[in-house]
Structures are given as structure tokens and as C-alpha cells.
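Visitor: I have a model open here and would like to go through it with you. Could we begin with the side chains and then turn to the strands?

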Amino acid sequence: MGARFEELAWRDTPIGLISLRRRRDPALQTEVYEVKLGDEFLMSSLFPVAEIELARLGLASLAGGELEVVVGGLGLGYTARTALADDRVRSLIVVEAIEDVIDWHRRGLLPFAAGLADDPRTRLVRADFFAAVAGDGFDPDRPERRFHAVLLDIDHSPRHVLHPRNAAFYTPAGLRRLAAR
């Protein structure tokens with residue numbers, strides 16, 4: 001990378017302007033990839049521990065093999081990549097609301113996520129995760145399909161959601177709907 005800062009992609013979406021940026025951190029001597037929604041930082045390649053541990057811990061408690069997994073939110077790809085590192089994962093559906101984020105992965109803009117979009121176990125589905133929970137499910141070809149694990153990495157927390165409509169998911173009724181999937 002020649003420049004110290006580069007905006008790799010950006011687009012206005014229904015939830016705000018989303019951008020993918022790459023910058024050189026001179027103190028750490030590394031490239032940092034960041035996703036912003038408006039003025040808010042959504043994720044950074046400097047801090048992937050929560051995403052990695054979400055997948056690692058979420059799958060560790062499952063017995064057996066041949067797991068079918070859903071990841072809610074693609075982002076920089078850390079949760080999905082970590083899930084695929086588990087040899088038991090037979091199929092992975094990643095539900096992402098913003099087509100541009102899927103496109104970043106298909107175009108190879110994130111070198112640490114290389115191969116994610118091309119892995120034969122992976123299917124990137126453009127859909128609203130929360131609407132899928134409440135509606136027809138995560139697999140457009142098999143609406144009633146059930147999964148061994150659903151790893152959600154969209155909102156910052158149940159109290160700090162990206163969009164107010166997501167809050168209904170974090171209720172007993174919303175979690176019961178998820179458990180049925």
C-alpha cells in the first residue's frame with residue numbers, strides 16, 4: 001500500500017453511508033481495515049477477538065460433526081472464517097443485508113478473508129437477518145431448514161443496535177423464533 005489512508009469502497013444504504021477503509025498504522029507497522037457506518041466505526045481488523053471467539057466458543061459446545069451453521073452479518077469476515085476453520089462445518093450460510101459488503105469479499109478487497117467467498121461450503125445470502133428469523137428463514141431455497149448453530153454478529157449489543165427495528169429480536173419472543181431455526 002503506497003498511501004497511508006485509502007477508502008476502498010463506499011455506498012449510501014438504507015441504514016446510512018457504509019465505507020471500507022484501509023490505513024497504515026505506523027506505530028504497529030500494519031495495514032488496518034475498518035468499516036464505518038456514517039461516522040460510527042463498526043469494525044476494525046485491529047480488534048477481531050470478539051468475532052473470532054464468537055465462532056470458536058459458539059461451535060465448541062456442539063457435539064458431533066457435519067454441522068450446518070449460519071452467521072448473521074459478514075463484515076470483515078472474521079466470524080465466518082473462524083467457523084470454516086472448524087472441520088466439522090459442512091455448510092455455512094452468511095446472511096448479510098448490504099450487497100456491497102458481500103461484494104467486498106467477492107472482489108478480494110480483504111486479503112485476510114481470502115477464500116471465504118469461494119469456499120464450497122459457504123453461501124453468501126443477501127437478506128435482512130432479523131426479517132429472516134421472523135419470516136422465511138435463512139435458506140431461500142429451503143425456508144424451514146434448521147441449523148446446528150446461528151452466530152450473530154450484527155449489532156454492538158442488545159442495548160446498542162444498528163437500527164431500532166433490530167431491538168425486537170433481543171426479547172424472549174425474538175429469541176424463541178431464533179431457537180426454532
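Guide: Let me start with a term: a charge sits over a ring if NZ of Lys or CZ of Arg is within 6 Å of the ring centre and within 35 degrees of the ring normal. In this predicted model, the charged end of Lys36 sits over the ring of Phe41, at 4.9 Å from the ring's centre.

Visitor: OK, and strands β3 and β4, how many bridges join them?

Guide: Strand β3, residues 30–37, is joined to β4 by four bridges, and the two run antiparallel. Within that pairing, Glu34 stands opposite Ser44 of β4.

Visitor: What order do the strands of that sheet have?

Guide: The sheet is open and has four strands in the order β1-β2-β3-β4, with antiparallel pairing. β1 (5–13) and β4 (40–44) are at the edges with a single partner strand each, so one side of each has no neighbour in the sheet. On average, neighbouring strands are turned by 20° against each other, direction ignored.

Visitor: Which helix lies across β1, β2 and β3?

Guide: That is helix α3, residues 99–106, and the helix runs at about 35° to β2, which spans 16–25.

Visitor: Back to Glu34 for a moment. Which side chain does Glu34 meet in a salt bridge?

Guide: Glu34 meets Arg23 there, with 2.9 Å from N to O. The pair links strand β3, where Glu34 is, with strand β2, where Arg23 is, and the two residues are 11 apart in the chain.

Visitor: Is Glu34 buried or exposed?

Guide: Glu34 counts as buried because its relative accessibility is 5%, under the 20% cut-off, whereas Arg23 is partly exposed at 23%.

Visitor: How many salt bridges does the count come to?

Guide: The count comes to 17. One of them is formed by Glu66 and Arg90, with their closest N and O atoms 3.2 Å apart. Glu66 is in the loop between α1 and β5 and Arg90 is in strand β6 (residues 89–96), so this pair ties together parts that are 24 residues apart in sequence. Both residues are partly exposed, Glu66 with a relative accessible area of 49% and Arg90 with 39%. A network of salt bridges links Glu66 and Arg90 with Glu68, Arg123, Asp139, Asp141 and Arg145.

Visitor: And the backbone at Glu66, what is phi there?

Guide: Phi of Glu66 is near 60°, a positive value in a residue other than glycine. Gln29 also has a positive phi, near 50°, and Gln29 is in the loop between β2 and β3, where it counts as exposed at 61% relative accessibility.

Visitor: Changing topic, how many aromatic pairs does the structure hold?

Guide: There are nine aromatic pairs. In one of them, the ring centres of Phe130 and Phe169 are 5.4 Å apart and the planes are at 65°, so the pair is edge-to-face. Phe130 lies in helix α4 (residues 129–134) and Phe169 in the loop between β8 (149–152) and α5 (172–179), so the pair ties together parts 39 residues apart in sequence.

Visitor: Are those two buried or exposed?

Guide: Phe130 and Phe169 are both buried. They also belong to a cluster linked by ring pairs, together with Phe129, Phe138, Phe147 and Tyr170.

Visitor: Last one: which residue forms a salt bridge with Asp128?

Guide: Asp128 forms a salt bridge with Arg165, and the closest N and O atoms are 3.7 Å apart. Asp128 is in the loop between β7 (122–126) and α4, while Arg165 is in the loop between β8 and α5, 37 residues apart.

Terms used:
Residues numbered from 1 in each chain as written. Predicted model: local features only at pLDDT ≥ 70, side-chain atom pairs only at ≥ 80, totals over all residues. Heavy atoms only, no water. Pairing = 2+ DSSP bridges. Axes fitted to C-alpha atoms, helices over the stretch in contact; angles between N-to-C directions. Contact = heavy atoms within 4.5 Å. Phe/Tyr/Trp six-rings, centres within 6.5 Å; stacked < 30°, edge-to-face > 60°. Buried < 20%, exposed > 50% of the residue type's maximum accessible area, 1.4 Å probe, protein only. Salt bridge = Lys/Arg side-chain N within 4 Å of Asp/Glu carboxyl O.
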